[in-house]
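Reader: I am new to protein structures and would like to learn how charged side chains pair up. Could we go through an example together?

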Amino acid sequence: MKTSKPTGVPGACGTIWILLLLFLLSACAHYPVNPPLENVDTTEREIDTTIPAHQEGAKDLFLALAFSGGGTRAAAFAYGVMEALNSVKIPDSTLSANQENRTLLDDVDLISSVSGGSFTAAYYGLHGDRIFEDFKERFLLHNVQGGLLARILFNPFNWFRLGSSKFGKSDLAAEYYDDILFKGATFGDMSKRNGPLIRIQATDMSSGFPFGFTAPTFSIICSDLESFPVSRAVAASAAFPGPFTPIVLKNYAGKCGFKEPRWIQEAVSQRDTASREYHTAKRMHEYFDGESKQFIHLIDGGVSDNLGVRGPTEIVAVMGGEKSFEEMHMEKPRRFALIVVNASTPSKHKWRIIDRLPGLTDIIGKTSDIMLQSYNFETMFLLRKSLKELEQRSSEKGTQHPPIKTYLMEVGFDALTEKAEQMEFAEIPTSLYLPEETVDRIRLAARQILFSLPEFKKLVSDLGGEIPDNLSE
């Protein structure tokens, strides 16, 4: 009499093999490593190339934009400001009679961004005016939050990839951003356009130092920025700690012939702890030691600079000297304008009228708001002071260039005159999805606030332009 074989064994073995295969896949999951740069021409890289050359027809104006963090709210707010700038016509004598005037957006030289604002900045850097054709549908109205969550929760392959210690949620987010928005674009693609310099900024988790995705920064770590995916830079800039993991870069410093600038060596050796230059040099000095700092872990740019003004601030510092512009074969502009797009929402004061102890979540949230608001105020205060000092220095006798006129404008929800309207915007969450009605309200608010600023009116008037009467145009 034959004995029957136990049933179910092949199926159990198959399950074991599948689990083993998935385990091996998770062990192999790894973030894309940034490529090394074999050789850097030090004669070219000695000059601080964070200052872009003026665009043709820009004449005497250097215009910079700074986009803050705040998820889709920040991206929509920045987009609304760009729409507004694109509607302001500026006379241009270099154009022929049958050509339209330039817009103020055409004269933008630099866009510095963090977190949510980086989506708008990066897309404009890649596609220019095409942003007004499809960015709203492809990102602002896209349920990015839901799409990311679906990839994490409902794709078993991603469960095991995320189980790896070398592949995190920000790596998955970078893939998703690339699929829906950037389509494999690199910084090399961005540099081919005759547009403004785009400075996407993250934060070095180990030092708390702002990390800009710029050619000088990548020269220091001997890595190739041209082939680096824009989607990964944006993912790093928007990697809010907790929901997202850091984006990791490999540091190849010392392997491409790029030498540490003398001013960094001197500042570090002098150890003037009261000097801002010393602290900046000390943090940059760390990158040149490729042995002790082999990897760089990047998190949300808003952690170190929520307003995204680090790049423009460096420009102001360079403008204070005569030599920098001469070395770059640039004429120092007669006007420097900075528009800070601050998408942080007005504080809610519910604890003024509630007779109970706040919970831990409420305390952490409110404490973060306090620190953020205080930091933003101090940043703007110091910026105004720096710009005034720049004006004064440029007016002193003996300078080789004409005096510089500066303009500083902050586009923020606090500028809304109606208290009820402020509170409406205070309820908009920092998320990666907002309804179309909310997105449109944010865009219109950005336009209304920018056009109402006295300093912006003065800038447009000084340039001979005119602000449109119809705010909804």
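**Salt bridges in a predicted model**

Author: Please keep in mind as we go that this is a predicted model, and that the structure holds 14 salt bridges.

Reader: Which residue meets R443 in a salt bridge, and which helix holds that partner?

Author: The side chain of R443, a residue that counts as buried at 18% relative accessibility, comes to 2.8 Å, N to O, from the side chain of E83. R443 lies in helix α18 (residues 436–452), so its pairing with E83 ties together parts that are 360 residues apart in sequence. The partner is therefore E83, and the helix that holds E83 (residues 71–86) is α3.

Reader: About how many helical turns separate D134 and R138?

Author: These two residues form a salt bridge in which the closest N and O atoms are 3.6 Å apart. D134 is buried, with a relative accessible area of 17%, and R138 is buried as well, at 18%. Because D134 and R138 are four residues apart in helix α5 (residues 131–140), their separation is about one helical turn.

Reader: Is E424, which meets R441 in a salt bridge, buried or partly exposed?

Author: The side chains of E424 and R441 meet at 3.2 Å, N to O, and the pair links distant parts of the chain, with E424 in helix α17 (residues 419–426) and R441 in helix α18, 17 residues apart. R441 has a relative accessible area of 29% and is partly exposed. Since buried means under 20%, the value of 43% for E424 makes this residue partly exposed.

Terms used:
Residues are numbered from 1 along each chain as its sequence is written. This is a predicted model: local features need pLDDT of at least 70, side-chain atom pairs count only at pLDDT 80 or more; totals for chains, interfaces and linings use all residues. Side-chain values use heavy atoms; hydrogens and water are left out. A salt bridge is a side-chain nitrogen of Lys or Arg within 4 Å of a carboxyl oxygen of Asp or Glu. Helices (H or I, at least four residues) and strands (E, at least two) are DSSP runs, numbered from the N terminus. Buried means under 20% relative accessible area, exposed over 50%, partly exposed in between (1.4 Å probe, protein chains only).
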